[in-house]
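The questions below go through one structure step by step. Each answer ends on the value or name asked for.

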Amino acid sequence: MEKTNKFLTLGFIIMELLIYISFMIMDIFNFGDTVVIKYLSICLIIIFLMISLFVNKKIKWCYFIGLIFTLIADTFLLLLDSHYYLGLLSFNIVQTLYFLPLKERIGKWFNIQLLGRGIIFIVCGILALTTSNIDVFLSASYITFFILNIVTILLIKNKGDLKLLLIGLIIFIMCDLSVGLYNLGYYFDIPYNIDKVLNKISENLMWFFYLPSQVIISIYAKKEYKKSN
């Protein structure tokens, strides 16, 4: 069983690394459209965890379901390139699911923070529905939940196995910062030449950070799941 687990994880990492190198080279040198390749790399994560589920018979469902919602988000934001609000809503669910397993680590603060998150989401939801900026407010709640997750883990004294999750989330948020950099020109008056350079750099940085973060989180989910046996 142990050898099977190691072989499965190693094979998964090698496959993702080959995909990662392929689309990064294609993006940097403009060799073609990489949307389908990138989407398949996230599909591979779900396949990896499903096989892990079959091999080990258990799984940490919050992380597994969270990664499924990540795939749903990428379906709208990347593959279909439409209905962004559904993708952003999915990412809100992802960060909520990643928070739930922290209950045993933070004790009484869990219920307080859960209530706060609920209030934030309701307020952002109302603002989103009553204005034409639904994407903006869903993004605001998502990034708030994301930052709260990172800060919460940082404040936990005995992080133990949470260190791997923390690394994944920090790399993940670097992707979101790249997205923000890419959209900077929509909110600020930036000279065209500078905006063009920022767009090119940030566009490449998005997936430079994104896929590694998802791979790390999926390995953490499997590691957690293995420990529960």
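Q: Which helix gives the most to the lining of the largest pocket?
A: This is a predicted model, in which local features need pLDDT of at least 70, side-chain atom pairs count only at pLDDT 80 or more, and totals for chains, interfaces and linings use all residues. Residues are numbered from 1 along each chain as its sequence is written, and side-chain values use heavy atoms, without hydrogens and water. Helices are DSSP runs (H or I, at least four residues) numbered from the N terminus. With 8 residues in the lining of the largest pocket, the top contributor is helix 8.

Q: How do the residues of that lining divide into nonpolar, polar and charged?
A: Asp, Glu, Lys and Arg count as charged, Ala, Val, Leu, Ile, Met, Phe, Trp, Tyr, Cys and Pro as nonpolar, and the others, Gly among them, as polar. The lining divides into 23 nonpolar, 7 polar and 9 charged.

Q: Are tryptophan 207 and tyrosine 210 buried or exposed?
A: Buried means under 20% relative accessible area and exposed over 50%, with partly exposed in between (1.4 Å probe, protein chains only). Both residues lie in helix 10, 3 residues apart. Tryptophan 207 and tyrosine 210 are each buried.

Q: What kind of aromatic pair do tryptophan 207 and tyrosine 210 form?
A: Rings of Phe, Tyr and Trp (its six-membered ring) pair if their centres lie within 6.5 Å; planes under 30 degrees apart count as stacked, over 60 as edge-to-face and the rest as tilted. A search of the whole structure finds 16 such pairs. For tryptophan 207 and tyrosine 210, at 4.7 Å centre to centre and 75 degrees between the planes, the pair is edge-to-face.

Notes:
Helix = DSSP H or I, 4+ residues; strand = E, 2+ residues; numbered from the N terminus.
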